[in-house]
Each structure stands twice: as structure tokens, then as C-alpha cells.
Amino acid sequence: MERKKAFEPGDMIATFTRQVGMVISQEIYGKIRNTLKEKKRPGHYFAPGCCTHPDYVIQVPVLFEDGTYDVMRAMDIKRAPDTPPEKKAQIQSIIDDQGA
């Protein structure tokens, strides 16, 4: 039985500091961890030994428009369905540049 996820890959989100990002899949997260920088912005998940396998319920991997990523706590982000398509395209181009 598969657990229900709070966020799905491809969802656009906003942090409480109004930074826009995209929830990324486990596969993409594995690839960008080696090439992009983790920013550790407010609201990131910081428990020791966490984040190798995010669960999308409490730990949500997010790629932000500035080209950095974080595993965010789900309670510190919210869906942003009204995000301009240009921002989504910008984040998608970062993913495409990583060969994911």
C-alpha cells in the first residue's frame, strides 16, 4: 500500500519568505545533490542523517529559481498554483541542464 504524499513532483510551492520553487522527484533530487548547492534557507529540514530518501509528507525536496535546492519541512511551504509560467519554465530549464 502506497502512502499518500502531501506534495507531488512538479508542484509549484512558495516558502513563508515568498521564495518560489518546484517539488522534484527522487530521481532528480539524487542527480542535483551532486551538482547544485544546498542553500539551507529558513524552513529546511535539518535533522541529522535525514534527507537521503525524502518522504514528500514531512521532507519535501524543492529546487528553487536561483538554482539551489533544499529539503523543506512540509509545514513551512504551501502550494503556489498561481506561479507565472516563466518561473516554472526557468526551474525546468535548470533541471534539463543537469541532464535529469
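Two strands count as paired if DSSP finds at least two bridges between them. Helices (H or I, at least four residues) and strands (E, at least two) are DSSP runs, numbered from the N terminus. The model is predicted, so local features need pLDDT of at least 70 and side-chain atom pairs count only at pLDDT 80 or more, while totals for chains, interfaces and linings use all residues. Residues are numbered from 1 along each chain as its sequence is written, and side-chain values use heavy atoms, with hydrogens and water left out.

**View 1. The β1–β2 hairpin and its turn.**
β1 and β2 form a hairpin, with four residues between the two strands. They run antiparallel and are joined by three bridges. I13 has G21 as its bridge partner in β2. R18 sits in the loop between β1 and β2. R18 is not a glycine, yet its phi is positive, at about 70°. With 74% relative accessibility, R18 counts as exposed. Accessibility classes follow relative accessible area: buried is under 20%, exposed is over 50%, and partly exposed is in between (1.4 Å probe, protein chains only).

**View 2. The five-stranded sheet.**
The sheet is open and has the strand order β4-β3-β2-β1-β5, with antiparallel pairing. β4 (69–73) and β5 (77–79) are the edge strands; each has a single partner, so one side of each lacks a neighbour in the sheet. On average, neighbouring strands are turned by 45° against each other, direction ignored. Axes are lines fitted to C-alpha atoms, for helices over the stretch in contact, and angles run from 0 to 180 degrees between N-to-C directions. β2 (residues 20–23) pairs with β3 (residues 59–64) in the antiparallel sense, over three bridges. Within that pairing, M22 has L63 in β3 as its bridge partner. Strands of a sheet pair through backbone hydrogen bonds, either parallel or antiparallel.

**View 3. Helix α2 across the sheet.**
Helix α2 (residues 85–97) lies across β1 (12–15), β2 and β3. The helix runs at about 55° to β2. Contact here means heavy atoms within 4.5 Å.

T15 belongs to strand β1. Is T15 buried or exposed? T15 is buried, with a relative accessible area of 3%. M12 and A14 point one way from β1, I13 and T15 the other way, and all are buried. β1 also pairs with β5, again antiparallel and over three bridges. In β5, I77 stands opposite T15. Leaving aside neighbours within four places in sequence, T15 is in contact with F64, M72, D76 and I77. F46 is 31 residues from T15 in sequence and 16 Å from T15 in space, C-alpha to C-alpha.

Rings of Phe, Tyr and Trp (its six-membered ring) pair if their centres lie within 6.5 Å; planes under 30 degrees apart count as stacked, over 60 as edge-to-face, and the rest as tilted. By this rule there is one aromatic pair. Y29 and Y69 form this pair: edge-to-face, 5.9 Å centre to centre, with 75° between the planes. Y29 lies in helix α1 (residues 26–32) and Y69 in strand β4, so the pair ties together parts that are 40 residues apart in sequence. Y29 is buried at 3% relative accessibility. Y69 is also buried, at 6%.

**View 4. Two nonpolar cores.**
A nonpolar core is a set of buried Ala, Val, Leu, Ile, Met, Phe, Trp, Tyr and Cys residues joined through side-chain atoms within 4.5 Å. The largest core has 14 residues. Which of them touch the most other members? They are I24, I32, L36, L63, Y69 and I95. β2, α1, β4 and α2 are the elements that give two or more residues to this core. Another core lies apart from it; its ten residues include V23, V62, F64 and I77. I32 touches I24, L63, Y69 and Q98, not counting residues up to four places away in sequence. In soluble globular proteins, nonpolar side chains tend to be buried together.

**View 5. R41 over F64, and K40.**
R41 lies over the face of F64, at 3.7 Å from the ring centre. A charge sits over a ring if NZ of Lys or CZ of Arg is within 6 Å of the ring centre and within 35 degrees of the ring normal. K40 is in the loop between α1 and β3. K40 has a positive phi of about 60°, although it is not a glycine. K40 is exposed, with a relative accessible area of 53%.
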